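Work through the exercises below with the model open. Each task is followed by its solution.

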Amino acid sequence: MNVVVVSPIATSLYSLLVAEQVAREPGVVVTGVLLRRVLNPRRLRKEFARDGVRLLRKVYQKLIVAPTVPRCAPPPADSLSGLRDRCNLRQTSITDWVKVRKVPLCRVFDLNEPAALAFLRRCRADVVCFTGGGLLRSEFLGAAGAGVLNVHVGILPFYRGMDVVEWPWAWPGVEHGQTGATLHVMNAGLDTGPILQVLPFDRRRGESFLAFRERLAPRQVELQLAGVRAIRDGAAVPPPQSTEDGLQFYVMHPRMRLLAESVFTDISLSRS
Amino acid sequence: MLRALLDPVVEIACRLLEDAVGEKEHRKLSAALARDLNFSPLKSLLETACDPHGEGLKLASRGWANLGDWLRVHPSSISRLAGWPETPWLADCALLPVTEWPEDLVRDLGVTTENATARGPDCFWPALVELRTGFRPLTKAESLQPIPALVKGGLPSAGVWAALYWVELVLRGDMRETEGCAQYYDALVRKFELRREGLFSDEKKGSFGSWVRLTQAFIRASIVFRDPRHLNAALKAHDFAYRSVVAATKGGRALAAQKLLYCFNQTCIELSLSTLERECRSRFTDRHQFV
């Protein structure tokens, strides 16, 4: 079975680990990696409108700080870095990985541009593992064989959209106050595709959202792998979600995030 | 070596950018207000008036009336609170019976001895604030225009009045909470989240009045539908109102009443946030397990 991995940025450890784990799976070949270019004015403009100044810090952290941080101590076992150590993976970027593995790489400004679609067809993708990079149009989804697998870091179908690790903690009205991840096959809607697996994941006392997300990340790799296995073994794809089963969430305002984090970490703002 | 050079540069760049878009300044002011409001008479008054039975904040339905009440008791405190100059006309009006308000106001508001007595002075406060801030009062016809049509194109500024009034009717109990109203607000939040400044289609876009009304509409909607996503949208709309009022202050055009309305929305938001936090905390600490 041919798999193409879509990566939002060359240094994404998540993309790297998904590619490596999938490549090690019997009966599966990674036939291509589709990488989105970072220096893309349209992408930067769009993401700045969404994230504001925190985008600059995020880019700096991902592109400059993360790759240059010296390794003084072993990383936590339940982090992506820990998983990389367990896999004995030496590469630090997907671009290094494709050279070693001799896998074709295609860099694009936009995942929906013709070059990306042509690459997908050349790779004869039976399934695509999406690890980030923006919204996909129906043409892309249609060229992806059995479909595009995505792990959403929230419990579907209820929590769709952005910041869904945070939103359950600012949502008192319903019995859906859970965090976790969901493996689904992407469709034209936002996080509305058929659900393959839901993985509830609990917080630790005093843990920050950042630490929680770091602990959840290796499970996202496992879910991607589980999806590839399920499709390889001929598992039936369930029907799409019903629109009414969930809600669309948007980027949290910093004040709302502060509130959610205070509930999440169980530390009252008034007591701190 | 590279990090040592880059870290401060990036930090300075981020700060400059935050200042440019007003984020940092806004956060500072919001934090200062939040601190002050913990002890302010306005907060306790609103809490008492709005949450007598612990049913959640009902302040949106009574907000303007409370503003009037509060101003009558503490006419200058709100200016002190925000460090802004006094607002003579508001203070004057707050201390006088409605019938003794300046003649032009009485005429423009349609105040008579009869209706002032029958309806109570509070009912004139919304109109007074609107009149003095230049906001066009909502007409009955406007309030009843077909709202879903407004979501199709950009939203005309007047549409926010309609949105505001619709949700207020629900709050007052004059109208049943309809599916249409909920869907409208879902669509409005979605459009706002995706387009932000592009939300408004007419020449009033970006005006302080548009943003302050939109903020108030989202606050009220969050109470009606018990939906924190609307409060999240209110926070974002409030940011735009802030930028607008800062720009007006720098240009010497800011009306004291504009600042007051900004401050009023800030108070509503703080109260809504503290209520939400209380509800979330009581729900999760009791039921949710840690690993």
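**Surface and salt bridges**

The accessible surface of chain B is about 13500 Å², and 56% of it belongs to carbon and sulfur atoms. Areas come from the Shrake-Rupley method with a 1.4 Å probe; for residues, only the protein chains shown count as cover.

This is a predicted model: local features need pLDDT of at least 70, side-chain atom pairs count only at pLDDT 80 or more, and totals for chains, interfaces and linings use all residues. Residues are numbered from 1 along each chain as its sequence is written, chains are lettered from A and ligands numbered from 1 in the order in which they are written, and side-chain values use heavy atoms, without hydrogens and water.

**Exercise 1.** Find the salt bridge partner of A:E20.

Step 1. Apply the rule: a side-chain nitrogen of Lys or Arg within 4 Å of a carboxyl oxygen of Asp or Glu. Step 2. A:E20 pairs with A:R24, with the closest N and O atoms 2.5 Å apart. Step 3. Both sit in helix α1 (residues 13-24) of chain A, 4 residues apart. Step 4. A:E20 is buried at 4% relative accessible area, while A:R24 is partly exposed at 42%. (Buried is under 20%, exposed over 50%, partly exposed in between; 1.4 Å probe, protein chains only.)

**Exercise 2.** Determine which salt bridge A:E25 forms.

Step 1. A:E25 meets A:R229, the closest N and O atoms being 2.8 Å apart. Step 2. The pair links distant parts of the chain, 204 residues apart. Step 3. A:E25 is buried at 11%; A:R229 is partly exposed at 35%. Step 4. A:E25, A:R229, A:R232 and A:D233 form a network of salt bridges.

Methods
Helices (H or I, at least four residues) and strands (E, at least two) are DSSP runs, numbered from the N terminus.
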